[in-house]
Amino acid sequence: MEVAPSPRKQGPGLKSWRPQVRSGIAIAFTRASPTSSVYPRELGAYKLMRRLFEAGLVCSVLVACCCAQTPALQVLPWNGRRAAVSLTFDDADSVQLDRVVPLLNRHHLRGTFFVTVSKLTRLDEWRKAQRQGHEIGNHSVSHEHSATLTRVSEEIQVEDAKRFLDSNFKSDVCIFAYPYEESSPGLAFWVRRYDFAARGWRGGGELLYVRPDAEPDWYSLPSQPSYTRYDATVYKGWIDKAISLGAWTTFQMHGIDDPATGWEPVPATTFASVLDYLTTQERQGLWVAPFGVVAAYFRAQRIVQQAEPHSVDGCKQLAWDLPHPFPVGVVLKVRVRQGTRLFQRARELHPDRHGIYSVSFDARELVIRGGL
Ligand SMILES: [Zn+2]
């Protein structure tokens, strides 16, 4: 028996598989037609009825497909890519300037460096890394165990480190990584005040892979620590799993090669092999981006998805508030149903050649005309 081709094999777009539905139904009716056993006049009437029935059925199937396939507005997760991976490096270990940053640059990848302020030397070189697109995050003033902190020192560990980083990196550093992955109510209070996302929890199993429909604790996002004993296949497995789940996972790394360079150093050959693999996967749709960049996109995506549409002058309007603090300039990738027009700040948005719109999260509103 002939079966209509699978839509997946024809490509992801609705356009590419509509004709498959039509031909599949046409094939089914051709086979069922009993043309050899009817008289000519009846045959004409039969053919007419059959065509009307076919046309009606094809239309209803297409309408059903349209409704099922294309919601009026869809915010695409992970910047429109299949999955996301963030590489984070802790403690401002010097080896990160000497070997990690050059290797990342060679692979055109960008990482996040959660720096401990008391260990921060070679400031000019860190600033250069930042200018090259790497992200600087807050890893406290002096990397203490949370249980040893007083109410006063909890604030100092977060706030003083932030003020130092803001002034020395001329930016608003508003991501945090808890030293030893240890939090406390007092520490978390200050992190919430000064940051929009924090890497905290080591997690477990599939929870290490944050799915696009998840409602995570933005102040305790999970990460996977690297260990010296892991070979490249372990990290490739993490990347493959993120891709298969359409999820985001974060690597947590420290030293390279020599134990003197940082906690649980990753062999240099393993690290280079992981970067090669990431580059290959990036070409196939993986988003490799700094922790704060992915977290900001994801948090903005969830806010817009949860905004309730209101009717305004015959249009629908989505409005939302920005978290505070939050990075400026987050742009969401959006797809809409055919016939829908989008406006922000009274100006119409236009899609790129793939039909994807760029929606400013800073605009705090989106007007949708038609399609709903
Ligand atoms: Zn640390």
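Let me begin with conventions. The model is predicted, and local features are reported at pLDDT of at least 70, side-chain atom pairs count only at pLDDT 80 or more, and totals for chains, interfaces and linings use all residues. Residues are numbered from 1 along each chain as its sequence is written.

I turn to confidence. pLDDT is the predictor's confidence in each residue, from 0 to 100. Its mean over the protein chain is 85, and 80% of the residues reach 70 or more. Two stretches deserve mention. Residues 1-43 stay under 50 in pLDDT, and the model has 31 contacts for them beyond four places in sequence. Here two residues are in contact if their C-beta atoms, placed from the backbone, lie within 7 Å. Residues 55-69 also have a pLDDT below 50, with 10 contacts in the model beyond near neighbours in sequence.

Next, the chain as a whole. Its secondary structure comes to nine helices and 16 strands; helices (H or I, at least four residues) and strands (E, at least two) are DSSP runs, numbered from the N terminus. Of the 372 residues, 31% count as buried. A residue is buried if 20 or more other C-beta atoms lie within 10 Å of its own, exposed if 12 or fewer, and partly exposed in between, with C-beta atoms placed from the backbone. Among contacts between residues at least 6 apart in sequence, 69% join residues at least 24 apart.

Helix H5 covers residues 151-169 and helix H6 covers residues 185-194; they pack at an angle of about 30°, with axes 8 Å apart. Axes are lines fitted to C-alpha atoms, for helices over the stretch in contact, and angles run from 0 to 180 degrees between N-to-C directions. How are H5 and H6 oriented, roughly parallel or roughly antiparallel? They are roughly parallel to each other, given that angles under 35 degrees count as roughly parallel, over 145 as roughly antiparallel, 65 to 115 as roughly perpendicular and the rest as oblique. The crossing of H5 and H6 is right-handed; a crossing is left-handed if the near helix is turned anticlockwise from the far one by less than a right angle, and right-handed if clockwise.

On the H5 side, the contact involves Arg151, Glu154, Glu155, Val158, Glu159 and Lys162, which meet Gly186, Leu187, Trp190, Val191 and Tyr194 in H6. By class, the residues of this contact divide into five nonpolar, one polar and five charged. For these classes, Ala, Val, Leu, Ile, Met, Phe, Trp, Tyr, Cys and Pro count as nonpolar, Asp, Glu, Lys and Arg as charged, and the others, Gly among them, as polar. Arginine 151, in helix H5, counts as exposed because it has 9 C-beta neighbours inside 10 Å. Its C-alpha atom is separated by 6.5 Å from that of glycine 186, 35 residues apart along the chain.

The second pair is H7 and H8. The axes of helix H7 (residues 232-245) and helix H8 (residues 268-283) come within 9 Å and cross at roughly 25°. H7 and H8 are therefore roughly parallel to each other, and H7 passes H8 in a right-handed crossing. In H7, Ala232, Tyr235, Lys236, Ile239 and Ile243 meet Thr270, Ser273, Val274, Tyr277, Leu278 and Gln281 in H8. The residues of this contact divide into seven nonpolar, three polar and one charged.

Also in helix H7 is alanine 242. Is alanine 242 buried or exposed? Alanine 242 counts as buried because 25 C-beta neighbours lie inside 10 Å. Leaving out residues up to four places away in sequence, alanine 242 touches Ala83, Val85, Tyr209, Ala247, Trp248 and Thr249. The C-alpha atoms of alanine 242 and alanine 83 are separated by 6.2 Å, although 159 residues apart along the chain.

Finally, some backbone features in loops. Between histidine 324 and proline 325 the peptide bond is cis, with omega near 0°, and proline 325 lies in the loop between strand S11 (315-319) and strand S12 (331-336). Asparagine 79 is not a glycine, yet has a positive phi of about 60°. Asparagine 79 is found in the loop between strand S1 (73-75) and strand S2 (83-90), and counts as partly exposed because it has 16 C-beta neighbours inside 10 Å. Aspartate 313, likewise not a glycine, has a positive phi of about 50°. Aspartate 313 lies between strand S10 (310-312) and S11 in a loop, and is exposed, with 7 other C-beta atoms within 10 Å.
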